[in-house]
Amino acid sequence: MENLFSHPESEPESEPESAQQGSNDLEPLIVCVVVPSNVSHAFQGFTDHPHLWWPLEEESVYGAGSHVEFEENLILETAEDGRTSVWGTIDDWQPPLSFHASWYPAGTPLWSTEIRVVFSAVENGTEVRLIHDGWEGAEDPAASRASYAEGWPRVLQRYARFMGGAVA
């Protein structure tokens with residue numbers, strides 16, 4: 001779903017997009033935040049409690065009132081009426097350091113991209129680095145990348161606030 005991450009906000013640091021690229025040479029999107037906790041706690045806050053920080057009112061399939069969770073090897077959203085949407089399938093789970101998933105909110109694995117989230121100790125806590133790549137797997141690679149370039153910073157800023165990070 002192209003509008004899943006469609007509202008601009010530039011709180012966390014993100015790398016600029018390269019202009020005029022084809023789908024095979026679109027650069028990975030990298031967005032980072034630092035949270036004031038250790039790596040294990042940061043990983044747990046991200047993967048055990050996304051229902052408490054994910055901006056479902058703006059960035060979801062079913063909207064406010066739905067619930068997002070990591071369940072088994074899936075990232076799953078459940079609507080109030082019980083409908084579900086698989087956002088991604090986790091294929092590499094390395095707690096508390098990282099996870100990798102094919103990513104296809106409101107879509108199908110046929111049109112998936114890839115995300116890796118890495119948790120690294122830094123002086124002020126933990127850096128959480130989200131790398132979104134594999135744009136050639138999206139139905140419309142350039143539009144998908146542009147949409148996520150606007151949305152991921154907002155999503156990670158909500159996570160950082162939940163974890164006690166500074167509000168920019």
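Visitor: Is phenylalanine 119 buried or exposed?
Guide: This is a predicted model, where local features need pLDDT of at least 70, side-chain atom pairs count only at pLDDT 80 or more, and totals for chains, interfaces and linings use all residues. Residues are numbered from 1 along each chain as its sequence is written, and side-chain values use heavy atoms, leaving out hydrogens and water. Buried means under 20% relative accessible area, exposed over 50%, and partly exposed in between (1.4 Å probe, protein chains only). Phenylalanine 119 has 2% relative accessibility, so the residue counts as buried.

Visitor: How many aromatic pairs does the structure hold?
Guide: Rings of Phe, Tyr and Trp (its six-membered ring) pair if their centres lie within 6.5 Å. Going by that, the number of aromatic pairs here is 19.

Visitor: What kind of pair do phenylalanine 43 and phenylalanine 119 make?
Guide: Planes under 30 degrees apart count as stacked, over 60 as edge-to-face and the rest as tilted. These two rings have centres 5.1 Å apart and planes at 70°, so the pair is edge-to-face.

Visitor: And which kind are tryptophan 53 and tryptophan 54?
Guide: Tryptophan 53 is buried at 1% relative accessibility, and tryptophan 54 is buried at 7%. Their ring centres sit 5.5 Å apart with the planes at 45°, so the pair is tilted.

Visitor: Where does the kink in H3 lie?
Guide: Helices (H or I, at least four residues) are DSSP runs, numbered from the N terminus. The bend at a residue is the angle between axes fitted to the seven residues ending there and the seven starting there. In H3 the kink is about 30°, shortly before proline 153, and lies at alanine 149.

How values were computed: Helix = DSSP H or I, 4+ residues; strand = E, 2+ residues; numbered from the N terminus.
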